[in-house]
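Dear colleague,

Please find the structure below, followed by an account of what was found in it.

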Amino acid sequence: MNRRISLRQELPLLVWLVFVWGALWQDFSPGNLLFGALLAVVVARMFYLPPVEVSGRFNVLYAIPFALGFLGRVAAASFQVMYLAVFRGPYVSNAVVAVPLRSRQDLMVTATGHVISLIPGSLVVEVDRSTSTLYLHGLNVRNAEDAAKLRDDVRAIEARLIRIMGTREELELIRLEAAP
Amino acid sequence: MIPDAGTLDAVIDGLSAVFMVVGALMSLAAAVGLLRFPDLLSRMHAATKPQVLGLFLLLAAMGLQLRTWWVWPVLLVAWIFQLLTVPVSAHMVGRAGYRTKHLHRELLSTDELEAVVQKAAAKAAREDSSDGGH
């Protein structure tokens with residue numbers, strides 16, 4: 001197996017490590033950052049992790065509205081869970097829903113699972129990597145309509161993530177889907 | 001210019017007060033959810049999710065009150081680590097809970113995973129019995 005990773009693939013990890021280093025020292029002076037970069041390279045070389053396949057695309061124009069929308073959804077759903085906890089409590093009805101995703105990329109499946117888990121009301125119970133299907137536990141899913149709504153929600157989030165950092169083929173698929 | 005600085009201070013103080021109260025309210029919601037929800041999976045929703053917002057609001061209030069720019073990167077790192085770890089822990093507990101059947105089936109309106117699990121179990125059983133035949 002080829003264990004060499006290109007610098008471009010490793011760069012996001014290195015930048016993140018240097019940022020954490022600077023943040024923890026609370027010192028972003030050039031000397032400290034240079035030493036942090038040195039440590040980051042050593043750590044990334046010594047504690048080798050399998051490379052994450054990144055598509056090489058990152059669209060900031062889609063990422064910023066997505067981040068803001070994500071914060072809004074988290075806030076709205078937190079209050080919804082609070083309402084359910086206080087008023088419905090033991091009588092809440094749930095469902096386990098299967099959501100087939102479009103993307104076969106590990107990173108995209110993980111990112112979608114993370115985002116959908118962080119928005120209160122849904123939780124990833126099981127992942128089928130071979131068919132890239134997420135099995136979600138949804139809070140307050142009373143009937144098939146609610147389940148269909150949850151499924152559409154997750155696929156919409158995946159579509160937005162693909163627009164931010166999916167491969168070109170996936171992006172083409174989304175465009176075709178949106179066109180008619 | 002001096003009254004301007006005073007009103008700005010008052011606005012920052014008010015904003016951080018609101019953030020802190022709402023953030024604490026989110027932790028309270030998590031506690032109420034833990035007590036009131038009927039099974040493990042629905043409790044996981046209450047135990048893990050409202051704090052993501054709660055912690056964000058409390059960290060933002062801290063950043064506003066400390067008034068030094070260098071705390072913001074630390075707070076950001078703390079929140080991002082929370083974002084990265086919360087879904088993983090929720091998933092692991094939820095998955096273990098589902099597999100050990102710590103859930104109330106009568107509370108689920110649909111369960112699309114059960115059929116898949118049973119199919120896989122039946123397949124594994126068939127393979128076991130054909131292995132035993134040799």
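Strand β1 of chain A (residues 94–100) pairs in the parallel sense with β1(B) over 2 bridges, where pairing requires at least two DSSP bridges between the strands. Within this pairing, A:Val96 stands opposite B:Asp111 of β1(B). Strands (E, at least two residues) and helices (H or I, at least four) are DSSP runs numbered from the N terminus.

This is a predicted model, in which local features need pLDDT of at least 70 and side-chain atom pairs count only at pLDDT 80 or more, while totals for chains, interfaces and linings use all residues. Residues are numbered from 1 along each chain as its sequence is written, and chains are lettered from A and ligands numbered from 1 in the order in which they are written. The predictor assigns the complex an ipTM of 0.80 and a pTM of 0.80. Chain B has an average pLDDT (per-residue confidence, from 0 to 100) of 83, with 95% of its residues scoring at least 70.

The contact between the chains (C-beta atoms, placed from the backbone, within 7 Å) takes 39 residues from chain A and 35 from chain B. On the side of chain B that touches chain A, at least two residues each come from α1 (2–36), α2, α3 (50–66), α4, β1 (108–111) and α5 (112–133). Helix α4(B) gives the most, with 11 residues. That side divides into 23 nonpolar, 7 polar and 5 charged residues; Ala, Val, Leu, Ile, Met, Phe, Trp, Tyr, Cys and Pro count as nonpolar, Asp, Glu, Lys and Arg as charged, and the others, Gly among them, as polar.

Yours sincerely

Key: pLDDT is the predictor's confidence in each residue, from 0 to 100. Two residues are in contact if their C-beta atoms, placed from the backbone, lie within 7 Å.
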